[in-house]
Amino acid sequence: MTDFSDKELETRNLFFKQLSLSQFKKPIKLSTRQTFPKATQIITTEQDAPELRLIISGSVKIRQKGKILSTLHAGSFIGEISFMSGSQASADVSSTEETNVISWDQTILRKLLLANPCLHLIFSQIVNSGLAQKLSSEQ
């Protein structure tokens, strides 16, 4: 456990409980932490979204064609549709307050997951679960 910082262990315990510590080690070591000030445009519709992000604290608004679709908070992924489909962003995402995220370069994360089928399955379940929750809350 000494391979992990306190923040990394907290992230694992809050958002990635399904992963063993050895499974969690691979993706977390490929991640970076970013802080976006309030009112920062994080993702723009129809542009590349090269990173998959997980909100650790703060919140973001999701807009499509000027309409606010939802507000996301800690535990929500940003850019997961682009990550899963390989397409450009389908919505605008901007911070509504200072927002801290963990980011993964999509290309590097995809390579890691393809090389580790068990990790790929569990990580995909985590991302898909979050997406399902977003879609059900929009109904």
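Contact here means heavy atoms within 4.5 Å.

First, the ground rules. This is a predicted model: local features need pLDDT of at least 70, side-chain atom pairs count only at pLDDT 80 or more, and totals for chains, interfaces and linings use all residues. Residues are numbered from 1 along each chain as its sequence is written, and side-chain values use heavy atoms, with hydrogens and water left out.

Helices (H or I, at least four residues) and strands (E, at least two) are DSSP runs, numbered from the N terminus. Two strands pair if DSSP finds at least two bridges between them. In general, strands of a sheet pair through backbone hydrogen bonds, either parallel or antiparallel.

Look at β4, residues 60-64: five bridges join β4 to β5. Across from isoleucine 62 stands serine 70 in β5.

Another open sheet runs β1-β8-β3-β6, again four strands and antiparallel. Here β1 (32-36) and β6 (77-78) are the edge strands, each pairing on one side only. Two bridges link β3, residues 51-57, to β6. Arginine 53 has isoleucine 78 in β6 as its bridge partner.

Next, the helices. Axes are lines fitted to C-alpha atoms, for helices over the stretch in contact, and angles run from 0 to 180 degrees between N-to-C directions. Helix α1, residues 6-15, lies across β1, β3 and β8 (99-105), at about 95 degrees to β3. Helix α4, residues 106-115, lies across β3 and β8, at about 60 degrees to β8.

Which residues of α4 are buried? Gln106, Leu109, Leu112 and Leu113. Buried means under 20% relative accessible area, exposed over 50%, partly exposed in between (1.4 Å probe, protein chains only).

Last stop: leucine 72, in strand β5. Its relative accessibility is 5%, so leucine 72 counts as buried. Leaving out residues up to four places away in sequence, leucine 72 touches several residues, including Ile55, Ile62, Phe77 and Lys134. Serine 59 is 13 residues from leucine 72 in sequence, yet 5.4 Å away in space, C-alpha to C-alpha.
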